[in-house]
Each structure stands twice: as C-alpha cells, then as structure tokens.
Amino acid sequence: MSSVNQSLFQVLFAKDSVYVHVNVDVQEKDAHIAGRVFFLQKPDGHYVEWKAEEVLNLEAQADQDWAVIGAVSYKSETQGDTVSMNAKMDARRKYNISFDILDLKSFKRSAPNHGWAYIIFILKDGTTFPALHFHNGGSKALLKELEKFIHIRRSPNDQRLFLVQEHDPDMLSKSFDELNLFSESSGRLVSNFIRDPYTATMGSFSKVTNFLRDVLMSDNPHARPREEVAELLHDDIPGMEVNHQDEPGFEMVTKTKLPNRPDVQRGEQLNAQQWAAYFDTDGRITHIDNLKEQIFRGGVDPSIRNEVWKYLLGYYSWDSTLKKRQEERKRKVDDYFRMKLQWKTISAEQEKRFSTLRERKGLIDKDVSRTDRTQKFFSGDRNQNLQVLYDILMTYCMYNFDLGYVQGMSDLLSPVLVVMENEVDAFWCFAGLMERMCTNFEMDQGGMKMQLTQIQKLMQVYDPELYTYLESHDSGNFYFCFRWILIHFKREFHFHEIHRLWEVLWTDLPCQNFHLVFSLAILDAEKSTLMENKFGFTEILKHINDISQTIPLEEMLKKAEGIFLQMKNYKKLPLAVKEILGILPNSPASSGSSVAGTPATREPSPFPAPAVTNGTTSVVSNGTGPNSPDDSSIEILSDAADSAASNFYH
C-alpha cells in the first residue's frame, strides 16, 4: 500500500443530526451540540468518531482534518493542531469522541420510551463518553455495523446495558492482583488520587494530608480469604445470607433479606402562593413540618428560592416573627460590614507580617478566577460578581478564623450567591451552609473519612453483592465517592439541578445523612456497568468521574428515598446503620415514626395545609419583599429539622 493510500480511511457508516446534550435544560443556549458520527476503517483498526458540525465545517474550510474525499473515504488528520480560530470551537472540540472498537467494553442504550434514542459508549479503562442522541434515527444502524466486527451480548441484569465479548481469553482470566493497581505503571489517575485526593477529584483542592494513602497502603492489598470475610460479614450484619459457591468474577456473593423497595412519588415544587399561605398574621411560619415535607418532595420554585433558602440555612429561625427578622437583619448587616472592614483596612506592612492572611488571599484569588466561569452570572472579564464572591470568602476568614478558607469553598458559595444576588444575604447563608459542612474541610479530613466509612456500612447492608465486588477490586473504602461528599455533588449535576438537590437535602428529610443514601442510589444505578464490565479500582474511579452531569436527578431522589424505606423497614437493621440514619428508637428523627407503605399511602398529617381562597391569602408580608432592608442574619441550624423527620412517615 502506497503512502497515499495509507492516508485514506474508509467510511463504513456516517450519520448526521447526532447530538451531545451538554445541559438538560433545553432552554439554555447551546444545550444541544449538533454533530456527525462515523464508523471508520483506518490502517490501525476500526474507529467510532463523533465531531461537532461547527468543528467539521471549520476544519473543512481550513483544509485540515476530516476533509471528505468522495463518498467512501476522507483524509487523515494533519499532524499537530493549529491555533484555535475562536474559543467556541475549542469548547466544541472538547466533546469530540474517537476510540478503537477493540477498546470498547460496553455501551448503554436509551429506554424504549425515552424519546430520542441515545448510546453511551464505555471503554475498558472506565472512560464513559457523553451520550450520543440520534435525533433523526440511525442508532440501530450503527450498532449493526459494529456487530460485524465485535461480539455483543445483552446484560442479564440491565436490559439497557450491552457487553462486548472479549476475544482474548487471557484477558478474561486476569485477576485484580495481576493488574498491579498500586504500581507506578497503573497510570497517573490512580497515583495522583492516592497521593492527593482533593486535587485528583476536584482539580485544585488543598489542605490534604495522607490519610487516603495511609489507609490504602497500610491495609493488605490482597483480599481476605473468602471464609474469613463471610464469617465477619455474617457476624456484623444479622439476617445476611452468605453464598460460598464459586461465582464467575466475584470472590463472594452475599444477600441481605431487605423488604421490597416501595414505589416513591415526587411532588410539585413549592410555589409563591403556597409559600405565602404558610405565614400567620405576625409573619411567623406555621406548620413547619408540612412545609419541609413539601420542599423535600418537590423543591422550591426559583422565584421564591432566595427567601426559602434563608430558613433552610439558618439565616432566619423557623419561628421568627416579621418584627424579629427585621431587627436581626439590621444587626447582621452591621456585623458583616464590620468584619469586611477588618481585612479591608489591613495595611501592606501588616500583611507582610501576616502569613496566614497572605496564604488565604492567594488561594481565594486563584479559586475565584475559575469558579463557575461558564455560568452567565460569573462569565466575562471584569465581572463585578467575581469581586463579590472574593469579598464574601475573605470576610468569612474573619468570621471563622480557625477554618479560614480551604479550596473548594468557592464551589459551595457560588450557587448561594447566584440565588441570593446580594452580598450580605449570600454571606450569612453561606455561613449557615458551612455550619453543616465545615467538617468536610478539616485538616485531618476526619469528617470525610467518617462519611466514607458510613457509606461503606450502609452498602454492606443494602447491597452486600456490590459491596463484596468493590471490596475485592480495591474499592471497598469508597474513595471514588470523595468528590460527591466533599461538596455535596456540586460537580455531578448541572447548575440549576444542584439548587434543587441542595434544598431537598437541607430539609433533613426523610432521615439524617440522606446525602449518603443518595450516594447509594447512584451506585445502585451503576452496579451493572461496574460489575459486568469487571471494572477495577482505576476503571471505577474513571467511570464515576465520567458520569458527572449525566445523572437523572429526580430518578435518583426517588430511588434514594426508596432505599431508605427499605432499610428503615428491615427488622434486623444493624445498630450502626440506625445511628447513621438517625432512626434509633429514642432519637428525635425516629420518635413516633412508623412506615406503613409509601409516602403516598401514609396517614394524613394532623396539620392541614394552609388554606388559599381565590388565589389570595389573609397573611401579612413576611418582610422579605423588594422594599426590605438590605441586610441579613444567621442562626445556627437547630434540631427542628430532626423533629420534622419524626412525623414524615407517620
């Protein structure tokens, strides 16, 4: 074959109108990126490739790669990339897909009634590409072409998952010991993660000690004998059955006899009319438990979110009157600007002798410049909202000297500031949020380590089979959940979705630590992908990272609540799990609580919802309208949320 022929690739399949959905909100600009998918025969193998239409057009005009030659072939990509013509093209290129089909491990197809058919390709190294949506059909035709070169079988456990049969029997027989996952040759992802979990999972987190490395490397990397593990699990988790028979791909399969998972229904979001009806004539909220349940069930309408969040985050106390809130806000605005003045008036000479302040200023300055810059609220040069973000974080250092600033806090503040659109309000709501989450940023990472251990205990009860698989593949400590827990899924969902998720979590319903149960729900949805692809530590870590912003929020919330109800109804639930969920007999979260089916079938609440007549109510304003003073207040969250959970399923 001549050198000219070597540059020609045969196009076996091509289809246009294949989209990548970069945002689930179709009203957002650039929510869907149009592109073309190709199945190509190259000199070194067969490749599936997708490129955005705008990139293809640009490159064709520049006479670079993907210039079509006739109907069956096109030129190879030129060596090296030329300077980008504009930033938009760079943004499109990051979604480009190209892989050899011999690297394909599996793929997922959309549900029959989903709408546009889509395919999600998953590689052997755990890489999970964004879904390709075929708006004008063609997904089946592409898969038929692939079947000519690879063997495909449907998963017996997940009708949407299709596995690629491995041709090399030696590859199938490899054990995780032979993979040598902890050697330097295992790749930068694993070594970086072990060395620095904050940086590896978030890209730039600091204040990291070596607890992950210590835990990973101090434990025996080899799995315990099957009989020993089975005995330990049986002693720790009553009611668990242990299967000692050999199962392909697993050291041990266990089963807990949990009750069936009930069907759970979500509700409508709290709207302005319903919100106003909860206030009495003194401006005090009535039927607090009902209100929290409604927020948990459906979230909050964006038009009233900036007011509702103030209660959820302790800015206002739930039983405060209009007069009390006005007095408190006046005091809090003075407190904020006094603290802000403290760091604003530090002279250059003082700063030279204040190393802690210099370090925190440097971290904040670096983080602010790259926090959510793709959001309109923070986009563009010289954006004043970036200065507000910076000022709030610096003032928080004055408010909380001990904690100060840790990289990642800007991720938590960003959505709060977008919702509040006010510096003082955002500060006090952020301070309330940090009361909830400050242990995540401790120097010794004790809070993070504890929560990862709690996920481990929950999974041992909920799905021992998946737990055993993860344990035998060096993932039993759930370190791949590190980013989820650290900033409460901030990077896993689209920006508008994280608003909904956070306000649901802040109700503290239906139990404490519901964010850990939510983690179980995501892992439950990915179970077939992880196990049937036989992913090891490296692949699991990569796959979990790649599913970011593809997780269906409402589906996961329903699944998570169902999982909680399963465990709550389990008569032999271990004491340790009850403590994690806060459902001990004498705990506030469980007193008087009983589950008699799904939330839809539980007995009515003894408190009727506030009445609304002809679309109006007789309550007075809650003092948070546009003419309210521009100040704010905060109170540390009380145990009122726990008492709300006591009647949640009563």
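Reader: How many aromatic pairs does a search of the whole structure find?
Author: This is a predicted model, in which local features need pLDDT of at least 70, side-chain atom pairs count only at pLDDT 80 or more, and totals for chains, interfaces and linings use all residues. Residues are numbered from 1 along each chain as its sequence is written, and side-chain values use heavy atoms, without hydrogens and water. Rings of Phe, Tyr and Trp (its six-membered ring) pair if their centres lie within 6.5 Å. The number of aromatic pairs found in the whole structure is 28.

Reader: Of what kind is the pair of Trp 343 and Tyr 390?
Author: Planes under 30 degrees apart count as stacked, over 60 as edge-to-face and the rest as tilted. The ring centres of Trp 343 and Tyr 390 lie 6.0 Å apart with the planes at 75°, so the pair is edge-to-face.

Reader: How many residues apart are Trp 343 and Tyr 390?
Author: Helices are DSSP runs (H or I, at least four residues), numbered from the N terminus. Trp 343 belongs to helix 14 (residues 322–344) and Tyr 390 to helix 17 (residues 384–399). The pair thus links distant parts of the chain, and its separation is 47 residues.

Reader: Which residues of helix 26 meet helix 23?
Author: Contact means heavy atoms within 4.5 Å. From helix 23, Glu 497, Arg 500, Leu 501 and Val 504 take part; their partners in helix 26 are Leu 553, Glu 554 and Leu 557.

Reader: What average pLDDT does the chain have?
Author: pLDDT is the predictor's confidence in each residue, from 0 to 100. Of the residues, 67% score at least 70, and the chain average is 77.

Notes:
Helix = DSSP H or I, 4+ residues; strand = E, 2+ residues; numbered from the N terminus.
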